[in-house]
Amino acid sequence: MSQTETKKVLALTGIRSEYDLLYPLMKLLQDAPDFDLGVIVSGAHLTSLHYYSVGQIEKDGFRIADKIENLLWTDTVGGKVKSIGILIQGLASVLERERPDLLIVLGDREEVIAGAMAGTYMGIPVVHIAGGDRTDPQNGDVDEEIRHAASKLSHLHLTMHEDHRERLIKLGEEPWRVHNVGNGGLDRLRLEPGLSRRALAELLGDSVNGPYVLFIYHALSSELDRCAIDVNTALKVCEELGLPVFMGAPNSDPGFAKIMEVTERYSNKPNFHLYRNLPRDAFISLLRHARCLVGNSSLGILEAPYLGIPAVNIGQRQRGRISANNVQFVDADEHAIRNAMNRALYDDTYRSQVTVCNPLYGDGYMAQKTVEILRQLP
């Protein structure tokens, strides 16, 4: 394909967190005259879990190639497998109709393996973002296997770290197909000025005017019987420390209903606030002004260092990933969580070290680098 021809690109998204990482790249592709971008919307975007976050995609003005309602409202692993099957069926139809030159997938959720499988079988080159990462294999999380399987089904790889690029090459990928571009989440932070504290307070209340904690916790596939217990333990410590806590709704993985039961119960207590989905500028501002991040979200690993925010990562999720000194990994134990939070909140020496730590996952220009790579494809 010559560089002067328009490349038709489809991006697959199934949840708000992954969409926010894709957004800077999608925006650049949409504005570029040599690309024709469409979006396949699926999964949690089309459910009430995050207040129908498809609305944000529509508001952002992207052409939606199709909406695939595949997510079964269930909290079981069997239900997740069935949801993947429905997604693959839907992808077969939209890919056959659209016939894109490239299909973009990101991360290690079910959307990426379904998209990579469908694209490969249908002869459509798959661009996989954020492959080559690793977590501790001892934690038993299925994301590790899905991530590497999707990489082997994909044709172009855009990694977040040089170590990830080298790992994919060791897995047998040709070097010309593998590029380290960084994390699109840093583009989002660089480009989005966010809201002032006053504007944020008008949206979320006066609790944001002082120090507060941001809590985000997702279920680990190997510890579904523990997720509610661990969330309750962590929130109990947060309650004892007395600061306002903003709790994000979990992703749609099995175990989410158990987590929601706990967070909804705590949302009835003073100082606790539960949100399911926030406008992009509001969420970035909530993160930017947080005193610390608590839970097990990848935000603590990937984006928090860029903002100089301490993160307390609870349990096995995220362990083994390359991290900066802003992250404290602790077991789901009251004493360990309390000590780590006190250090993150009140140890001025530690906090000063966190504010100057170097981001490990790029420079905030992932989208520009990626567009140039896509333009140069043979």
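**Cores, cavities and helices in a predicted model**

Lysine 236 touches Tyr266 and Glu334, leaving aside residues up to four places away in sequence; contact here means heavy atoms within 4.5 Å. This is a predicted model, in which local features need pLDDT of at least 70 and side-chain atom pairs count only at pLDDT 80 or more, whereas totals for chains, interfaces and linings use all residues. Residues are numbered from 1 along each chain as its sequence is written, and side-chain values use heavy atoms, with hydrogens and water left out.

Lysine 236 belongs to helix α9, residues 227-241. Helices (H or I, at least four residues) and strands (E, at least two) are DSSP runs, numbered from the N terminus. Between the C-alpha atoms of lysine 236 and glutamate 334 there are 8.2 Å, although the two residues are 98 residues apart along the chain. Lysine 236 counts as partly exposed because its relative accessibility is 34%. Buried means under 20% relative accessible area, exposed over 50%, and partly exposed in between, with a 1.4 Å probe and protein chains only.

The interior may be considered next. A nonpolar core is a set of buried Ala, Val, Leu, Ile, Met, Phe, Trp, Tyr and Cys residues joined through side-chain atoms within 4.5 Å. In soluble globular proteins, nonpolar side chains tend to be buried together. The largest nonpolar core has 61 residues, of which Leu29, Ile104, Ile129, Leu214 and Leu286 touch the most other members. Helix α1 (residues 16-31) gives this core its largest share, seven residues. Apart from it lies another core, of 27 residues, including Phe215, Ala219, Val294 and Met341. Leucine 29 has contacts with Val9, Phe35, Leu37, Ile104, Val371 and Leu374, not counting residues up to four places away in sequence.

On a 1 Å grid over the protein atoms alone, a cavity is a set of points where a 1.4 Å probe fits but cannot get out; a pocket is an open set with protein on both sides within 12 Å along at least five of seven lines; and lining residues have an atom within 4 Å of a point. Grid points are joined across faces, edges and corners, and a volume is the space filled by probe spheres set on the points. Across the whole structure there are three cavities of 30 Å³ or more. The volume of the largest cavity is about 870 Å³. It is lined by 48 residues, and the closest to its centre are Ser17, Glu18, Leu21, Ser297 and Ser298. Two or more lining residues come from each of α1, α2 (54-59), α5, α7 (184-191), α11 (280-288) and α12 (299-302). The largest share of this lining, six residues, belongs to α1. By class, the lining of the largest cavity comprises 16 nonpolar, 17 polar and 15 charged residues. Ala, Val, Leu, Ile, Met, Phe, Trp, Tyr, Cys and Pro count as nonpolar, Asp, Glu, Lys and Arg as charged, and the others, Gly among them, as polar.

Helix α7 is mostly covered, with six of its eight residues buried. These are Gly184, Gly185, Leu186, Asp187, Arg188 and Leu189. They pack against α1, α11, α12, α13 (304-307) and α16 (366-375).

The largest pocket holds about 280 Å³ of space. Nineteen residues line this pocket, and Lys80, Val142, Asp143, Ile146 and Ser221 are the closest to its centre. Helices α3 (77-98), α4 (110-121) and α5 (143-153) each supply at least two residues of the lining, and the largest share, four residues, comes from α3. Its lining has ten nonpolar, one polar and eight charged residues.

Two glutamates complete the account. Glutamate 110 lies in helix α4 and counts as buried because its relative accessibility is 5%. Its side chain makes a polar contact with that of arginine 109 at 3.5 Å. A polar contact is a pair of N or O atoms within 3.5 Å; within protein, one must be able to donate a hydrogen and the other to accept it, and residues adjacent in sequence count only if both atoms are side-chain atoms. Beyond its neighbours within four places in sequence, glutamate 110 is in contact with Lys80, Ile84, Leu87, Ser252 and Asp253. Glutamate 144, in helix α5, is also buried, because its relative accessibility is 14%. A polar atom of its side chain lies 2.8 Å from the backbone nitrogen of threonine 135.
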